[in-house]
Amino acid sequence: MVVPATGNGIFAGQGAVVDLGADMDPITKARAFQYVEMGEEGAEDAGGSRPAAYLTFKMMLREAQDYAKAPASYDGRSKDALLNRVDAEALVPVVTGAMPLMIHVESARDILGVLSLRKDFPALKLILAGATEGWMVASQIAAAKVPVIAGGLDDLPSSFEKLAATQSNVGRMVKAGVPVAMGLMDRDEALQLRLATQQAGNMVALNKVPGATGLSWGQALRSITSAPAEAMGLGDRIGSLKAGKAGDVVIWDGDPLEMESAPVAVWIDGIQQPIDNRQTKLRDRYATPAEGSLPKAYEW
């Protein structure tokens, strides 16, 4: 998932689902979801106030509803309008439930605030992103049947909205019945996309830590394969191996959730992909260089 960043408001725009195939057509689904920042960052984008962020959010959704009911009479040029006609039209699929609404929140209180939006807008197809304190309100999330995209290694209280951070967050939510996918939402360099299997593997290893709650091997694999696909409403196309779905297959030389394992073959959309890169080419070039094959700078 390619997630946009906010500018001067809580709405960041629409995100897309892409593949990493070696071709010029990476888009699996364009305009796959609408992304919104709430919590501390959303409050800052809205002028420094959480209540202001939620009020602005609700008013924008109501204006989108007004546009959906009568597009011709919508006055997006009024000084009182929060949305112009183009933005109001873009939000119509969100308020009607045709497009998922991904909301970045971290604290338990903010999560409950997002879930309460369904009282006024029952058609919203919510996805929670981040949810560091999701374990504290896991039963409410499960009851609302809202999927969560959370970081498996996010265990540091790096801000006030993450004071209750714990590596058991994902395991506790899954245990409560929350559909959880593991993703990287906070732009932490230590949580790169290529380390997704490490995150999943750590959730399995967490079961050996006294007092901690992790995932079974199958649950961990699901959290980085079919769970994110289902959260995006694309479970019928990607995320698992089944006849009729995209031919996305990775063959490993060992357990894919172990750090020492590496992929030996990759297919995306049924097409085998090159797995060499600059790193492997440099390794092969300098592993056992023959006499005279190195550049002058490397000759001693």
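Start with tryptophan 135: the charged end of arginine 172 sits over its ring, 4.7 Å from the centre. Keep in mind that this is a predicted model.

Staying with rings, how many aromatic pairs does a search of the whole structure find? One. The partners are tyrosine 67 and tyrosine 74, and their ring centres are 5.6 Å apart with the planes at 80°, so the pair is edge-to-face. The angle for that class has to be over 60 degrees. Tyrosine 67 and tyrosine 74 are both buried.

Next, the charged pairs. Opposite charges on side chains can pair when the charged atoms come close. The count here is seven salt bridges. One of its partners is lysine 58, with 3.5 Å between the closest N and O atoms. Lysine 58 belongs to helix α2 and aspartate 120 to helix α5, residues 117-120, so this pair ties together parts that are 62 residues apart in sequence. How accessible are the two ends? Aspartate 120 is partly exposed, at a relative accessible area of 34%, and lysine 58 is partly exposed as well, at 28%.

Aspartate 120 also meets arginine 62 in a salt bridge, at 3.9 Å from N to O. The cut-off for a salt bridge is within 4 Å. Arginine 62 is again in helix α2, so this contact with helix α5 ties together parts 58 residues apart in sequence. Arginine 62 counts as partly exposed, with 40% relative accessibility.

Two further items on salt bridges. Arginine 283 pairs with aspartate 284, where the closest N and O atoms are 2.9 Å apart, and both of these residues are exposed. Then there is a network of salt bridges that links Arg50, Asp110 and Glu161.

Back to helix α2, which covers residues 50-69 and includes leucine 55. Leu55, together with Met59 and Leu82, forms a nonpolar patch on the surface. The accessible area of the three together is about 260 Å².

Last, the sheet. In what order do the strands of the open three-stranded sheet run? The order is β7-β8-β9, and the pairing is antiparallel. β7, residues 249-252, and β9, residues 271-272, are the edge strands; each has a single partner, so one side of each is left without a neighbour in the sheet. Between β8, residues 263-268, and β9 the antiparallel pairing runs over two bridges. Tryptophan 267 stands opposite glutamine 272 of β9.

Conventions
Residues numbered from 1 in each chain as written. Predicted model: local features only at pLDDT ≥ 70, side-chain atom pairs only at ≥ 80, totals over all residues. Heavy atoms only, no water. Phe/Tyr/Trp six-rings, centres within 6.5 Å; stacked < 30°, edge-to-face > 60°. Buried < 20%, exposed > 50% of the residue type's maximum accessible area, 1.4 Å probe, protein only. Lys NZ or Arg CZ within 6 Å of the ring centre and 35° of its normal. Patch = residues over 30% accessible without salt bridge, like charges linked within 9 Å, V, L, I, M, F, W, Y side chains within 5 Å. Areas by Shrake-Rupley, 256 points an atom, 1.4 Å probe, with all protein chains shown as cover. Salt bridge = Lys/Arg side-chain N within 4 Å of Asp/Glu carboxyl O. Helix = DSSP H or I, 4+ residues; strand = E, 2+ residues; numbered from the N terminus. Pairing = 2+ DSSP bridges.
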